[in-house]
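Subject: Structure handover

Hello,

Here is the structure I said I would pass on. Please open it alongside this note. My findings follow below.

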Amino acid sequence: MNPGTAIRQTGQLADARLEALGLHLTQGGEPTFTATDPTAPEWNTAALGPLKLQRARALARKLVVSLLPGAVPLKSYGKLYPGELLPRWWIGLHSLADGNPLWSQPDLLLLHQDPPSPPNPDAPEQLLRRLAQYLRIPRAPFPAFQDVADFIRHAEAAGETHSRPRYSRVTGAFELQPPWTPEEAAKWRRFHQPAAWVLPLTYHRGQWVTQSWNLPGGQDLILLPGDSPAGLRLPLDRLPPSTLRCAITAEIAAGELLLFLPPLPSLDAFQNLVHALEHLAAADDVPPIVLEGYPPPRDPRLVTLGLTADPGVIEINLPPCDRFDKLAELATRLYPAAHECDLRGFKFRHNGRRIGTGGGAHVLLGGPDLEDNPFLKRPHLLSSFIRFIQHHPALSYAFTGLFAGPSCQAPRVDESLPDLPGELELTLRALESMPAPADPALIDSMLRNLLLDWNGNTHRAEICVDKFHNPHLPNGRLGLVEFRAIEMMPDAPMFLAVNALFRALAACFAEEPFTEPLINWGSALHDRFALPWFLEQDLGDVLDFLRRRGFPFSIELYQPHLEYRFPTLHRWEAAGASGTLRHALEFWPVMGEQPGPHGATTRPVDASTDRLQITLTPTASEALPVVLVNGIRLPLIEQPDGTAVGAVRFRLFDNPDGLQPHIGSHCPLTFEVLKPGSGNVALAFQYAHWKPGATPYDGYPVTEQDAAARVRERLTRREDLEGRRAQPCRQPAPPASTPHTLDLRQWC
């Protein structure tokens with residue numbers, strides 16, 4: 001069966017099982033995309049950048065045409081983070097759930113295409129005048145001016161040189177001589193083109209309402225300094241107390257006709273306004289317009305897909321879907337649309353390794369509203385997820401990114417604080433005995449201080465309840481549970497396979513709670529489950545759990561995920577065994593505080609260590625060969641199926657700012673496979689994490705072929721070592737805490 005068909009059928013089966021219980025489980029996600037050429041800062045560490053906004057606008061247009069016809073794209077502004085000059089933008093594609101269009105003619109909007117011609121300088125005023133007439137409000141728009149100092153700042157940024165303008169009573173003109181008086185500055189502003197036009201506007205009891213803005217002494221309306229749209233720079237604090245503080249603005253910004261929508265009290269008001277703007281934008285003398293401003297208020301009739309600026313990526317906030325088929329339709333259309341905009345769901349490292357975008361692909365589960373929320377109708381549903389994921393480290397590590405462990409952005413519940421699992425056990429028992437419908441505020445208060453990272457951050461938890469019923473966030477009471485240990489996947493089938501897995505688990509837990517006590521994994525969590533062999537066995541146990549409950553999952557469906565996350569580097573046959581070398585999981589620590597930009601402090605990650613897994617499977621009846629790494633015998637522990645599994649942990653490069661700064665690089669690694677009994681080297685090869693010769697790479701790989709070539713050149717045969725008798729270094733007893741791993745740092 002086609003993998004895509006199998007995934008859809010499994011999702012449909014979960015839907016049917018949930019429906020039989022009277023439960024409506026909504027499911028969303030947050031896939032992230034990066035550029036095919038991720039060299040600019042905005043595709044690595046920066047959240048904002050011009051190319052990112054351009055690609056997001058292009059993707060928004062494609063999705064409006066192919067996926068959400070009738071949606072209106074609206075650029076809004078979200079959080080302002082320390083060190084960033086502007087709030088991060090997000091483009092919401094707002095549509096009506098009943099299929100009626102909010103905006104029917106996408107060509108009237110300027111998204112990624114170039115404007116046909118520069119807008120007429122009078123276009124902002126004319127458009128707002130027509131809007132006032134169309135809405136039948138007795139008020140004309142009025143001008144807003146740039147502050148003189150802000151004007152000079154922008155002019156100098158554009159390469160123009162200005163001194164302060166001064167009005168000459170002799171010549172009757174402005175002369176660029178400092179200083180100026182407030183009266184002279186006012187005359188200067190009137191002499192120049194207004195920066196924007198403003199129309200006070202709100203909606204009350206089914207009618208549009210406006211009001212005049214009378215500034216003290218009849219002063220001009222001067223925008224606050226900055227680079228944001230005029231709608232965000234209105235000096236509302238200067239208005240008289242009873243004045244309407246809500247307005248639509250129009251301006252020409254970067255050669256585009258920009259309208260900034262005010263906050264509106266209802267979806268009906270938003271719908272009325274955008275229909276009016278679409279009608280006016282259809283006039284022949286109106287160029288394509290750009291819509292920005294406040295999004296419509298939350299409403300069950302509204303469906304929103306968001307494109308958000310995030311460090312290194314464009315994050316897609318999928319709308320909650322009450323059926324798996326809807327989620328599958330979104331994902332299967334989203335990926336090719338992103339590809340057409342030069343965006344993709346993975347990237348390459350310089351050395352050719354394919355990795356995630358650096359962003360997540362989190363799974364969000366919830367309900368249509370708090371009254372019809374499965375986590376409140378079945379309080380044991382959330383506790384079952386917490387217990388089951390803690391029992392199965394594969395759900396924490398098989399789908400996550402390179403940065404895992406206690407200090408990452410999605411640590412397990414048993415990785416944050418030592419005493420937390422014991423406290424959590426008490427809470428889960430109380431949650432399981434809670435009568436339905438449960439109190440969401442009580443659930444939030446019970447779990448808020450337990451589902452967190454080791455710094456107390458509630459958002460950075462593997463199972464995050466920040467959007468469940470959080471009283472401290474404006475969007476915190478949505479009844480959503482977020483599963484965060486899932487990094488972006490390169491294609492839609494892989495993305496949907498993980499989502500189908502979580503939906504099937506929800507159906508199983510809704511039918512029968514999972515109440516097994518939490519496990520104390522101890523050191524095995526970061527030794528055994530750092531290796532893909534054990535993660536695959538554990539993921540198989542998860543799928544067996546689902547198969548016993550009627551869901552026909554197969555491990556083959558998740559082999560692409562395991563190979564993507566833990567790629568194979570080399571396969572060989574020698575000395576009576578077949579061997580495989582592949583990447584394993586490494587837990588990078590966070591260092592202490594260091595001085596950062598803008599007077600802040602940062603805590604860098606020590607990413608100078610890595611881990612590789614070696615497996616040997618016998619092909620002959622004789623004993624398994626011995627494997628040496630840099631002359632040291634590798635611990636290989638035989639498993640029930642006869643496969644021997646071990647790992648080597650090593651330093652990639654010198655890091656004077658990391659843990660154990662006195663320990664240098666162990667690369668390249670030399671592997672020697674010894675014939676059983678003789679000690680002679682049957683096979684030898686060398687692995688380097690970087691280009692041979694340690695010379696710089698010429699940028700990132702462009703194609704899959706380029707990346708594969710870089711991976712191949714880092715592994716070389718060492719025939720000069722073969723045939724000789726090896727002399728292994730003294731072999732210490734393997735540490736009891738990490739029996740599966742040879743840590744080369746211990747040998748320095």
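Is Cys464 buried or exposed? Cys464 is buried, because its relative accessibility is 1%, and the cut-off for buried is under 20%. Bear in mind that this is a predicted model.

Now the cysteines in general. Searching the whole structure turns up zero disulfides. Cys464 is in none; its nearest cysteine sulfur belongs to Cys408 and sits 13 Å away. Cys246 also counts as buried, at 8% relative accessibility.

Next, the overall build. The protein has 17 helices and 35 strands. The C-alpha trace spans about 105 × 65 × 45 Å along the principal axes. Buried residues make up 54% of the 748. Among contacts with a separation of 6 or more, 71% link residues 24 or more positions apart.

Asn499 is buried because its relative accessible area is 1%, under the 20% cut-off. What does Asn499 contact, leaving aside its neighbours within four places in sequence? The partners are Gln27, Gly28, Phe324, Leu327 and Val363.

Then the backbone. Most peptide bonds are trans, and most residues other than glycine have a negative phi. The following go against that background:

- Ala436 and Pro437 are joined by a cis peptide bond, with omega about -5°. Pro437 is in the loop between helix H11 (420-432) and helix H12 (440-447).
- Cys667 to Pro668 is also a cis peptide bond, with omega near 0°. Pro668 sits in the loop between strand S31 (644-651) and strand S32 (669-674).
- Ala254 is not a glycine, yet its phi is positive, about 55°. The loop between strand S12 (247-253) and strand S13 (256-261) holds Ala254. Ala254 is exposed, at 83% relative accessibility.
- Asn630, likewise not a glycine, has a positive phi of about 50°. Its loop runs between strand S28 (626-629) and strand S29 (632-633). Asn630 is partly exposed, at 30% relative accessibility.

Best wishes

How values were computed. Residues are numbered from 1 along each chain as its sequence is written. This is a predicted model: local features need pLDDT of at least 70, side-chain atom pairs count only at pLDDT 80 or more; totals for chains, interfaces and linings use all residues. Side-chain values use heavy atoms; hydrogens and water are left out. A disulfide is a pair of cysteine sulfur atoms within 2.5 Å. Buried means under 20% relative accessible area, exposed over 50%, partly exposed in between (1.4 Å probe, protein chains only). Helices (H or I, at least four residues) and strands (E, at least two) are DSSP runs, numbered from the N terminus. Contact means heavy atoms within 4.5 Å.
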